[in-house]
Amino acid sequence: MAGTIDQAKMKFSKIVNSRSYTRFNQTPDGESSHVEVKMSADTEEEEMDGAEQDHIEHEMYTRSPRRPPSWNNWKICGSVTVVLLLVCIGFLIGYSVHHQPETPPCLLSSTQQPRQDDQPPIFYNPEQSMDWSDIVKLLNEKLTKTGIQERISEYSDVSKAGSSKDNFLADKIHELFANLQMKSWVDEHFVKLQYPSSSNPNKVKFLSEEIGSPKGFLAYSATGIKQGRVVYANYGEPQDLEFLEEKKVNLNLSVVLMRAGKISMAQKVANVAKKGAVAALIYPDPADYDDMPQNAELYGHVHLGSGDPYTPGFPSFNHTQFPPAKSSGLPEILAQTITAEMALKIFKRMGGNGIPKSFQGGLSNYKLGNETDPLLTVEVNNELIDTKIHNVFGVIKGFIDADRYVVIGAQRDSMSSGFAKSAVGTALLLELARAFSEMVKGGFRPRRSIVFASWSAGDFGNVGLTEWLEGYATSLDKKAFSYISLDGIVTGEGSFKASASPLLQGLLEMTLKKVKNPVGSQTSAPSLFSSYGGTLASILKPMEMDDGAYPFLTFSGIPSVSFSFTSQGDRSVDYKYFGTALDVKSNITNSKVVELSLGAGQVAGQMALRLIHDHILKLDVTMYNEEIEKHISAIVTYTNKLKSVKVSKSEFVSTKWLLEAKGSFIRASDALKNDILNSDLEDLEMSRIINNRIMKVEHNLLSPYVSLRDVPFRHIFFGSGWQTASDLENNLKDVIAGKATLDVDQLLNRFALLTWTIQGCANDLAGDIWSLDNAI
């Protein structure tokens with residue numbers, strides 16, 4: 001009888017403990033509150049991992065019991081009655097615990113699942129209570145001009161990264177996220193920032209005549225004193241330097257004077273450094289910076305990269321043991337900004353030939369310079385300062401795929417005044433956070449999570465943002481599927497420009513067609529898409545290295561987008577007050593900041609909502625077909641020209657496998673599109689499998705064959721370095737033009753690595769390895 005009773009107890013234990021840890025979720029007033037019901041009698045068993053528990057249960061239930069003694073019929077009947085009674089009691093207990101009519105069924109049931117604090121409960125299609133039109137209507141109700149105006153007024157006092165003002169602003173943002181009942185946290189980074197010396201200012205002079213002691217500066221310049229004759233190089237673009245070479249103007253050991261605009265200051269300095277210059281001076285020319293005082297100072301940085309240049313490739317956390325290292329993008333020459341007044345003084349002392357029309361600016365006496373000019377002395381005394389900076393985060397967790405998230409971010413610091421650069425984006429970030437939180441309280445249930453991020457040290461080259469990416473480089477691309485940048489989002493009214501990964505371009509176009517132009521009558525206002533060109537090509541521009549979205553795209557392989565309302569027409573400078581003390585509210589066109597910010601918020605908000613609402617991520621992989629086709633067609637064309645001019649050993653170069661890789665990617669993207677059309681998107685597991693395939697595309701276009709420290713922006717189409725398709729195209733063009741010699745082994749190696757990066761991306765996009773065939 002003892003054995004029978006033991007078996008009955010085991011059966012009862014099995015029934016009661018079949019779900020040892022069950023979660024329920026109740027959402028009163030739109031907020032998540034969690035109830036945990038623990039049904040295991042043994043707390044030690046509850047803490048075991050799944051493998052250990054399975055092993056113990058196996059031993060418990062398979063061990064042979066001892067032979068029971070003989071029992072009479074009455075005792076047998078009694079034991080059966082006890083068993084049945086225990087079974088009934090167990091059934092009633094289980095039913096009463098599990099049957100909660102107001103609680104949706106829960107998918108988490110195993111002790112191996114994450115703790116409740118780590119991941120919210122998972123529901124079956126909680127968003128079905130609200131369709132897309134209701135969601136957009138709710139966003140329109142919650143995102144208001146009044147709210148944006150209040151945020152701009154409250155958060156417009158931006159300051160230098162790591163300063164007391166910057167830290168105070170970070171605390172306010174963190175408090176706001178907490179008050180919105182969001183999961184909020186702060187990441188601290190310990191970085192090196194460069195500032196001018198307070199006791200030993202930077203100087204520019206001709207012999208004993210001082211040209212000036214500028215207050216503006218270029219962070220991460222080399223320091224010291226250099227002398228050289230002055231050469232004027234226009235914007236410092238490659239074609240400008242080629243023109244000087246054609247005119248026999250030697251840049252070696254010279255001080256190169258350039259005007260700001262067209263390309264970044266870091267690119268200008270890197271370009272002239274390659275030509276042997278010892279120093280670079282950059283000034284705002286009145287032709288580009290019209291109506292700006294000629295004594296206006298410029299601020300910027302010259303690190304040809306992003307993040308802390310003294311911890312390249314790894315994060316500047318406090319527990320990191322910093323090795324003596326520096327980024328390959330740091331310049332080895334002096335770099336300094338000067339005012340237009342100072343530039344005019346230099347031009348008056350220069351000689352040399354006249355300049356072409358393209359070099360002409362808004363000053364007088366432009367000259368290229370000659371060998372007999374007096375030497376100009378440049379003195380840079382900047383100091384590196386160890387600085388603690390704070391990135392602040394708030395998250396609204398998704399109700400199905402909480403571990404998948406879109407990130408919306410904005411920098412909040414500025415070297416000088418930063419109203420358009422930082423304050424407007426920060427205000428809009430916080431207002432979007434408030435609006436989304438109110439939407440959840442109003443019944444919206446996002447499938448995926450959304451992270452709001454406030455970055456510091458953005459003016460030094462996206463330092464805070466990049467350090468965060470470096471800190472979580474091994475996992476972010478598997479979880480963060482998109483980034484939306486709000487930096488510099490309103491600088492004018494007459495134009496709208498955007499930069500985006502091909503994966504996001506379709507979503508951007510669809511959103512711009514839905515959002516009305518915020519300026520004018522809202523009842524009859526045209527869409528933003530029709531207001532600003534009516535074609536995606538008229539809106540898109542290449543993403544630049546200083547763009548806040550650039551590190552996400554090219555360093556981490558996360559599809560990214562940035563956009564802004566700008567001034568009308570093509571200008572060498574998008575917004576002339578960036579990096580100056582004149583970046584204030586009154587200098588934005590017509591001061592329609594609030595209205596334009598509302599329009600920008602609608603674009604960012606609706607894009608984010610689509611990404612966290614739909615079953616399948618709104619990332620169109622077929623948009624990469626055109627990008628791949630464009631680059632490979634160019635490479636094929638240049639390779640054929642290489643052979644036609646009969647360059648030695650060019651016959652060994654073949655584009656066959658590169659074309660095969662292109663075909664593989666196109667077939668894989670089309671196959672994924674068909675899988676989406678033919679799949680049951682209500683199947684949560686199927687949707688997650690498809691989304692995982694989509695999320696890998698951007699990251700798989702980061703070249704795995706280059707060093708992360710030496711080439712941080714590894715993207716083969718939008719990155720920077722020898723691994724890019726554009727660099728390969730330029731190398732082929734130089735060989736054809738006779739500017740470079742053909743190294744056939746190196747060229748074949750580059751063809752192979754580019755080919756397999758595309759082929760590997762196609763293989764992963766196609767699906768599981770056992771689903772591949774020779775067609776892929």
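**Close-up views of a predicted chain**

**Overview of the chain.** The accessible surface of the chain comes to about 34,400 Å², and 51% of that area belongs to carbon and sulfur atoms. The model shown here and in the views that follow is a predicted one. Its chain has 22 helices and 19 strands, and of its 776 residues, 54% count as buried.

**Packing of helices α19 and α20.** Helix α19, which covers residues 656-677, packs with α20 at an angle of about 150°, and the axes of the two helices are 11 Å apart. Because angles over 145 degrees count as roughly antiparallel, α19 is described as roughly antiparallel to α20. The crossing in which α19 passes α20 is left-handed. On the α19 side the contact is made by Phe665, Leu672, Asp675 and Ile676, while α20 contributes Ile690, Arg693, Ile694 and Val697.

Arg693 lies in helix α20, which is formed by residues 684-700. With a relative accessibility of 12%, Arg693 counts as buried, since the cut-off for that class is under 20% relative accessible area. When neighbours within four places in sequence are left aside, the residues in contact with Arg693 are Leu672, Asp675, Leu765, Ala766 and Gly767. Two of these residues, Leu672 and Asp675, are also among the α19 residues that make the contact with α20. As for Ala766, its backbone oxygen is reached by the side chain of Arg693 at 3.2 Å, a distance that falls within the 3.5 Å used for a polar contact between N or O atoms.

Val711 is found in the loop between α20 and α21, the latter helix being residues 725-736. Although placed in a loop, Val711 counts as buried, because its relative accessibility is 9% and the limit for buried residues is under 20%. Leaving aside neighbours within four places in sequence, Val711 is in contact with Val706, Ser720, Gly721, Trp722 and Gln723.

Note on methods: Residues numbered from 1 in each chain as written. Predicted model: local features only at pLDDT ≥ 70, side-chain atom pairs only at ≥ 80, totals over all residues. Heavy atoms only, no water. Helix = DSSP H or I, 4+ residues; strand = E, 2+ residues; numbered from the N terminus. Buried < 20%, exposed > 50% of the residue type's maximum accessible area, 1.4 Å probe, protein only. Polar contact = N/O pair within 3.5 Å; in protein donor to acceptor, adjacent residues only side chain to side chain. Contact = heavy atoms within 4.5 Å. Areas by Shrake-Rupley, 256 points an atom, 1.4 Å probe, with all protein chains shown as cover. Axes fitted to C-alpha atoms, helices over the stretch in contact; angles between N-to-C directions. Parallel < 35°, antiparallel > 145°, perpendicular 65-115°, else oblique. Left-handed = near helix turned anticlockwise from the far one by under 90°.
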